[in-house]
Amino acid sequence: MLESFKIADLGCSSGPNTLLFVSEIIDTINKLSKQNSNKTQEISVILNDLTKNDFNNIFSALPSFYELLKKNHGYEFSRKCFISGVAASFYERLVPCKSLHFVHSSYCLHWLSQVPENLENKEHIYMSKTRDPNVFNAYKNQFYKDFSSFLTHRSHEILPTGRMVLTLVGRESPDPSEDDGCHVIELLAQSLLDVVSQGLIKQEDIDSFNLPVYHPCKDEVKEIIHNENSFDLEKLEVFECDWNPHDNDYGDGDYNYKFDKKQRGEIVANSVRSIIEPTLVPHFGELVLDNVFKSYEERAIDHFETGKAKYINLIICLKKK
Ligand SMILES: C[S@@+](CC[C@H](N)C(=O)[O-])C[C@H]1O[C@@H](n2cnc3c(N)ncnc32)[C@H](O)[C@@H]1O
């Protein structure tokens, strides 16, 4: 039985989901340690995100989080959980050698470290819908480089037989021009063009903008893990979920409420905005974004009618060799 358990959540963000993951994992460790012995384990949790993440928001939520731990698990247990933050890119080293038992990351690894260099991708903001193999290869190579370096850095940090669970947005088809799962970005490109026709931004602004995002398919991920060679792939599952998360009935909530078309459009436009806005503002400015996402909302309403408003998720479980 380990005396202390060290985990990291990479790309933790600073919203309500941040401490949700921590709380789930602390509950699980506490349950397991009670089953195996009655000794309370120490738990160290490292929360990582980029330097611009609002770590103050996380830290100011900690006193009430510790109160909750105390209420649910007792004073002694709450004193044995140590939460800290590391502000840096996960495409670099984050913690000392062999210092982690478990690494988690959700909805982050489809974000590249940068837009591929020397990209010629006029009128598009991503590789989907483009039939140009050069654009596809540039994005694919950047993902190959980034995901390999992520695995290599983590391989130094994770103890032998330690695990990683990674969830990222991907695509189902190996053919990138079939935009399954990537339509969420295609709608953004169309909404930006709507704002060009309103005269609020210039076509050249779109020509010079590309998103640093890549949605890999299962085989690409497998190939990188195999070639990088630090981890055994224990599980890789592909699953779909609805653009409107409230449309997913996992059987554990009250999903009887039916959203009307407008509400679904608003939910999707707001959630895409919350994720992508920081990337758009430096290029297009803040003032045009209300128009962009108003148009997004309308386009999303139409897209729901096709029945194809789904994300493709890849969930990967890896064990350090
Ligand atoms: C969509 S949020 C996911 C938040 C949370 N993990 C969840 O599942 O709700 C993606 C997060 O990844 C972070 N991120 C993107 N690239 C990163 C990198 N290279 N290093 C660390 N964090 C990164 C972003 O800053 C953002 O907070």
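Trainee: Where in this predicted model is Lys-202 placed?

Mentor: Lys-202 sits in the loop that links helix H5 (183-197) to helix H6 (203-207).

Trainee: Why is Lys-202 called exposed?

Mentor: Lys-202 has 11 other C-beta atoms within 10 Å, and a residue counts as exposed if that number is 12 or fewer, so Lys-202 falls under the exposed class.

Trainee: How do you know that the span of H5 agrees with what its 15 residues should give?

Mentor: The expected span is 1.5 Å times one less than the number of residues, which for the 15 residues of H5 comes to 21 Å, and because the end C-alpha atoms of H5 are 21 Å apart, the two values agree.

Trainee: Which residues of H5 are buried, and what do the buried residues pack against?

Mentor: Buried residues in H5 include His-183, Val-184, Ile-185 and Leu-187, together with Leu-188, Ser-191, Leu-192 and Val-195; the packing partners of the buried residues are H6, helix H8 (261-284) and helix H9 (289-305). Just after H5, Gly-199 adopts a positive phi of about 80°.

Trainee: What makes the radius of gyration of the protein chain agree with that of a compact globule?

Mentor: For 321 residues, a compact globule would have a radius of gyration near 20 Å, and the protein chain has 21 Å, so the value agrees with that expectation. Along its principal axes, the C-alpha trace of the protein chain spans about 65 × 45 × 35 Å.

Trainee: How many residues surround the ligand, and how do they divide?

Mentor: The ligand is surrounded by 18 residues, with Gly-11, Ser-13, Asn-17, Ser-106 and Cys-108 the closest, and the shell consists of 9 nonpolar, 8 polar and 1 charged.

Methods
Residues numbered from 1 in each chain as written. Predicted model: local features only at pLDDT ≥ 70, side-chain atom pairs only at ≥ 80, totals over all residues. Helix = DSSP H or I, 4+ residues; strand = E, 2+ residues; numbered from the N terminus. Buried ≥ 20, exposed ≤ 12 C-beta atoms within 10 Å, placed from the backbone. Contact = placed C-beta atoms within 7 Å. Near = placed C-beta within 6 Å. Nonpolar A, V, L, I, M, F, W, Y, C, P; charged D, E, K, R; others polar. Rg over C-alpha atoms; globule rule 2.2 N^0.38 Å.
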